[in-house]
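Dear colleague,

Please find below the structure that I am handing over to you. My notes on it follow directly after.

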Amino acid sequence: MRTIVQVSDLHFGTTLDETLEPLVSLLENIAPDLVIVSGDFTQRARVNEFRAARAYLQRLPSPQLLIPGNHDVPLYDVIRRFLSPLGRYRTYIAPGLSPCVVDDEIAVLGINTARSFTFKGGSIDARQVEETVATLAGLPAHVARIVVTHHPFDIPTGLSGVDVVRGGTQALQAFAPYNVDLYLSGHLHLIHRANAAEYVPEYAAQLLVAGTAISTRARGEANSFFVLRVGRKEIGCETYAWDAGERAFLALETKVYERVSGQ
C-alpha cells in the first residue's frame, strides 16, 4: 500500500492563511510516500509569490511531484509571458515540466498543460502523448499508473468559464491501452469526479479533480485535498476538507475505485 497526497491550486498571493499551518501539520502526520501539487502555485506569477510558494513547499513532506498551472505563467508581463512563460516557475519551483516518479509499485507521470497563448485553458500536445506512452509501455503490468495534469479531462455540467484540457480525449485514447488507473488534475477550485468510459468505451479509469487546498478563491466549497491509498487491486481516495469552526482539515469521505491495471 502506498500513500499519495494531492494538493492543488495553492495560489500564493491569495492564500487563506489560517489553513497553512494545519495543512503542514496534517501532512506530517499522514506521512505520505509522495506529495503531488497539481499547478497554480501563484496567483500572478510574481517573484514574491513564487518565493512564498517555494518556502511553503519546503515545509511539506518529500518526495514531491510538481507541475505548473496557467496562473504560473505571467498574465500582465506580456514579454515574459511569451518569451519565458515558465522561467520563474523553473527558477523557484522545479526545473522540469514533465516530472515522474516510478518505482516497483507506482508510476506517477506529470504532464504540463499550461500555455502562453491561452489565459485559462490548457492543452496536451502530440509530443507529450508520445513521451508519456513511451514511459507507460515500459512499465511492469502490476505497477499502478497515475497521470497528473493541471487542467481537467472532464468538468461538471453547467460550470461556466472553464474548459476541458485541449487534446484530452486523444490523450485518454492513447493511454487507455496502457491501463492508466487514475487521472489527477485541479484548476476548477472544486472537487469533481468522472469516469474515462465517458470518452473511451469500456475504459473505467477515474478522472479526479481536486479543490483548492489553501486559497481564498474557492467556488463555494471548503478548501480541500485528496489522500490516495494505492493497493494492488484498488485505490482509495480520502477527501479532507477545511472546517473553519474546528480550524482544521477533517476527513470528509472515502471512495474506493478498482484499478484498471490491478493484478
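Are F50 and Y92 buried or exposed? Both F50 and Y92 are buried, where buried means under 20% relative accessible area, exposed over 50% and partly exposed in between, with a 1.4 Å probe and protein chains only.

Before the details, a word on the basis of these notes. This is a predicted model, in which local features need pLDDT of at least 70 and side-chain atom pairs count only at pLDDT 80 or more, while totals for chains, interfaces and linings use all residues. Residues are numbered from 1 along each chain as its sequence is written, and side-chain values use heavy atoms, with hydrogens and water left out.

Helix α2

Helices (H or I, at least four residues) and strands (E, at least two) are DSSP runs, numbered from the N terminus. Helix α2 covers residues 47-57, and its residues E49, F50, A53, Y56 and L57 are buried. Viewed down the axis of α2, these buried residues fall within an arc of 125°, so they line one face of the helix; the arc is that of the directions from the helix axis to the C-beta atoms. The cover over the buried residues of α2 includes α1 (20-30), β2 (34-38), β3 (64-67) and α4 (87-92), counted by contact, that is, heavy atoms within 4.5 Å.

Aromatic pairs

The structure holds 8 aromatic pairs. Rings of Phe, Tyr and Trp (its six-membered ring) pair if their centres lie within 6.5 Å; planes under 30 degrees apart count as stacked, over 60 as edge-to-face and the rest as tilted. One of the pairs is F12 with Y56, which is tilted, at 5.5 Å centre to centre and 55° between the planes. This pair links distant parts of the chain, since F12 lies in the loop between β1 (2-7) and α1 and Y56 in helix α2, 44 residues apart. F12 counts as buried at 7% relative accessibility, and Y56 is buried with a relative accessible area of 5%. The ring centres of F50 and Y92 are 6.3 Å apart and their planes are at 10°, so this pair is stacked. F50 in helix α2 and Y92 in helix α4 are 42 residues apart, and their pair also links distant parts of the chain.

Strand β10

Strand β10 (residues 224-230) is mostly covered, with 6 of its 7 residues buried. Strands pair if DSSP finds at least two bridges between them. β10 pairs with β1 in the antiparallel sense over 5 bridges, and R229 in β10 is the bridge partner of T3. β10 is also joined to β11 (residues 234-243) by 7 antiparallel bridges, and the two strands form a hairpin with 3 residues between them. F225 stands opposite Y240 in β11, and F225, Y240, W242 and F249 form one aromatic cluster.

With kind regards
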